Amino acid sequence: MDIHQRIAEITDRIKLAAQTTNRLAVKVTLVAVSKVQPDERIEAALAAGLRVFGENRVQEAQGRWANRRQAYPDLTLHLIGPLQSNKAEDAVALFDVIETVDRPKLVETLAKLAQTGQKLPKLLVQVNTGEEEQKAGVAPRDLPALLQLCAIHELPIEGLMCIPPENEEPAMHFALLAKLAKRHGLSVLSMGMSGDFETAIKFGATHVRVGSALFGERMRAV
Ligand SMILES: *Cc1c(COP(=O)(O)O)cnc(C)c1O
């Protein structure tokens, strides 16, 4: 299968999943996760019309996208990996959406950048729904305080993102994220990857992050 066929297949599966859950009206955005993919696959995806991409490392994303911005002014770039405070300024400059706000220090750094006049990307909070120690994201019980801190700093948060634990049924994590978003009046839900995006859509995903099912296997694990 070439990338055109893969895009068509994934798009069909997204539509079908939305339809079977009566979410016809809701648009589900496909975020093509381009991390680690070779240039020719990126070019093929662009030629096929994809414009929304996800990256998990700031520096790698700069190398891949900074120059392509001019050729493709309608690109939308999502940061989906953990963000260190010292890379926040670069991330703010490059990305349209930062999905991984997850701790007070980062909130304060972003607020400072906003104060100096930088236009901030759209922001999502990453929730560590499985409370895994090695994983980024705010624990569900700490979410209210983090959202409150964002409000104090006048940082608008549009939604939530999660990455379920690898060896667990993802549905319960998607359900939890949807419940938390609803409770806090947040409309954007970034959840679902190659193996589980249809399930995520059933639980209300507005953005699915699909890498290997679109581009093929990545060259190295990340
Ligand atoms: C790599 C990655 C994805 C894409 O994973 P696939 O299983 O290849 O679709 C999605 N979300 C995040 C946060 C990732 O790091």
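Predicted model: local features only at pLDDT ≥ 70, side-chain atom pairs only at ≥ 80, totals over all residues.

**Stop one: two helices**

Select residues 104-115, which form helix α6, and residues 143-152, which form helix α7. Their axes sit 10 Å apart and meet at an angle of about 15°. Angles under 35 degrees count as roughly parallel, so α6 and α7 are roughly parallel to each other. The way α6 passes α7 is a right-handed crossing. To see who does the touching, show Pro 104, Val 107 and Glu 108 on α6, then Leu 146, Leu 149 and Cys 150 on α7. Sorted by class, that contact has 5 nonpolar residues, 1 charged and no polar ones.

**Stop two: the cores**

Now pick Phe 53, Ile 98, Leu 110, Val 125 and Leu 160. In the largest nonpolar core, which has 64 residues, these five touch the most other members. Which helix gives the most to this core? That's α1 (residues 3-20), with 6 residues. There's also a second, separate core of 6 residues, with Val 33, Val 97, Leu 124 and Val 188 among them.

Zoom in on Leu 160. Beyond its neighbours within four places in sequence, its contacts include Leu 143, Leu 177, Ala 181 and Ser 190.

**Stop three: a histidine**

Finish at His 207, in strand β8 (residues 207-210). Is it buried or exposed? Its relative accessibility is 15%, so His 207 counts as buried. Leaving out residues up to four places away in sequence, it touches Thr 29, Val 31, His 78, Val 188, Leu 189, Ser 190 and Met 191.

Notes: Residues numbered from 1 in each chain as written. Heavy atoms only, no water. Axes fitted to C-alpha atoms, helices over the stretch in contact; angles between N-to-C directions. Helix = DSSP H or I, 4+ residues; strand = E, 2+ residues; numbered from the N terminus. Parallel < 35°, antiparallel > 145°, perpendicular 65-115°, else oblique. Left-handed = near helix turned anticlockwise from the far one by under 90°. Contact = heavy atoms within 4.5 Å. Nonpolar A, V, L, I, M, F, W, Y, C, P; charged D, E, K, R; others polar. Core = buried A, V, L, I, M, F, W, Y, C linked by side-chain atoms within 4.5 Å. Buried < 20%, exposed > 50% of the residue type's maximum accessible area, 1.4 Å probe, protein only.
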